[in-house]
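Subject: Structure handover

Hello,

Here is the structure for you to look through. My notes on what was found follow below it.

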Amino acid sequence: MGSLRSKLQVLLPFVVVFLLWKEATDQGLWSSYILPSPQRVWETTIHMVHNGELARHIAISLRRILWGFGWAFVASCILSSLNLLFPRLRHCYSGLLEVFRHVPPLSLIPLLILWFGIGELPKTIIIVLASFFPMYLNMDDGFRRCDRKLLEVGRMLGFTPWQTLWKIRLPAALPGILTGLRVGMGYSLRAIIGAEMIAADSGLGYLILDAQAMSRSDKVIIGILAIGALGLGLDGVFALVERRLLRYERN
């Protein structure tokens, strides 16, 4: 009963929003051009699923997200490890990282288009810049906040710096790292949608912008819902991984 009640609590806000949406369209509070009915959106969704249009845009956006997110994760792992193994290196690039951390990635799109055109590279760079800092900051902080008693045990056992990093610091920092990954994935999704709205001919961002130009508000809503569903699915994957890897914290 507890599990069922929890699921109903999660679904209740969605049901309320749907009922308000249906009531607003039934009462004609806004024209169908501004707010299409749920039935029209559903019919358009079915059509886009059958002709493969929706799946194609989702797949393209997902591929771009995973590619950029993967590079950002690799970069954060490398820099966080270097900060521990070679502490003096931190001062060489910390100032530059702080500058880029406060620059919105989407503001770089015009410059990236001038340099690289409207291909995949600018979008990858935007995703890397958007998702890198949440992962890097959480990972770096988790490594540095490791329990000193555990580090002392490692020194007594004769661990090398790499062994200390892998066997002591990494398990201790894992909760923070996973949190950074979830936040970074959310930033990746936001960044790619913005990038696709400006410099792309495919993807969910392009789908929304093209639908707006064609006065297809039903497709705009479908694109928005697809983004939300994609983000929910990706976050669910990370939540599942987190529950599997952090079982010991619940015992």
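Predicted model: local features only at pLDDT ≥ 70, side-chain atom pairs only at ≥ 80, totals over all residues.

Overall fold

On that basis the chain has 10 helices and 0 strands. Its pattern along the sequence reads α-α-α-α-α-α-α-α-α-α. The chain is more spread out than a compact globule, because its radius of gyration is 22 Å, well over the 18 Å that the globule rule gives for 251 residues. Along the principal axes, the C-alpha atoms fill a box of roughly 75 × 60 × 30 Å.

How much of the chain is buried? Of the 251 residues, 38% are. The chain exposes about 15,500 Å². Carbon and sulfur atoms supply 68% of that area.

Contacts also reach across the sequence. Take those between residues at least 6 apart in sequence: 73% of them join residues at least 24 apart.

Charges

The chain carries 26 positive and 17 negative charges. How far apart are their mean positions? The distance is 9 Å.

Cysteines

A disulfide is a covalent bond between the sulfur atoms of two cysteines. The structure holds 0 of them. Two cysteines are worth a look on your screen. Cysteine 77 has a relative accessible area of 24%, so it is partly exposed. Cysteine 92 is at 62% relative accessibility and therefore counts as exposed. The cut-offs are under 20% for buried and over 50% for exposed, with partly exposed in between.

Serine 215 sits in the loop between helix H9 (204–213) and helix H10 (217–245). What stands out in its backbone? Phi of serine 215 is near 60°, a positive value in a residue other than glycine. Its relative accessibility is 36%, so serine 215 counts as partly exposed.

Serine 217 belongs to helix H10. Is serine 217 buried or exposed? It counts as buried, because its relative accessibility is 12% and buried means under 20%. Which residues does serine 217 touch, leaving out those up to four places away in sequence? They are Ser32, Tyr33, Ile34, Pro36 and Arg40.

To find these spots, go to the loop between H9 and H10 for serine 215, then to helix H10 for serine 217.

Best wishes

Technical notes: Residues numbered from 1 in each chain as written. Heavy atoms only, no water. Helix = DSSP H or I, 4+ residues; strand = E, 2+ residues; numbered from the N terminus. Rg over C-alpha atoms; globule rule 2.2 N^0.38 Å. Buried < 20%, exposed > 50% of the residue type's maximum accessible area, 1.4 Å probe, protein only. Contact = heavy atoms within 4.5 Å. Areas by Shrake-Rupley, 256 points an atom, 1.4 Å probe, with all protein chains shown as cover. Lys, Arg positive; Asp, Glu negative; His and termini not counted. Charge placed at Lys NZ, Arg CZ, Asp CG, Glu CD. Disulfide = S-S within 2.5 Å.
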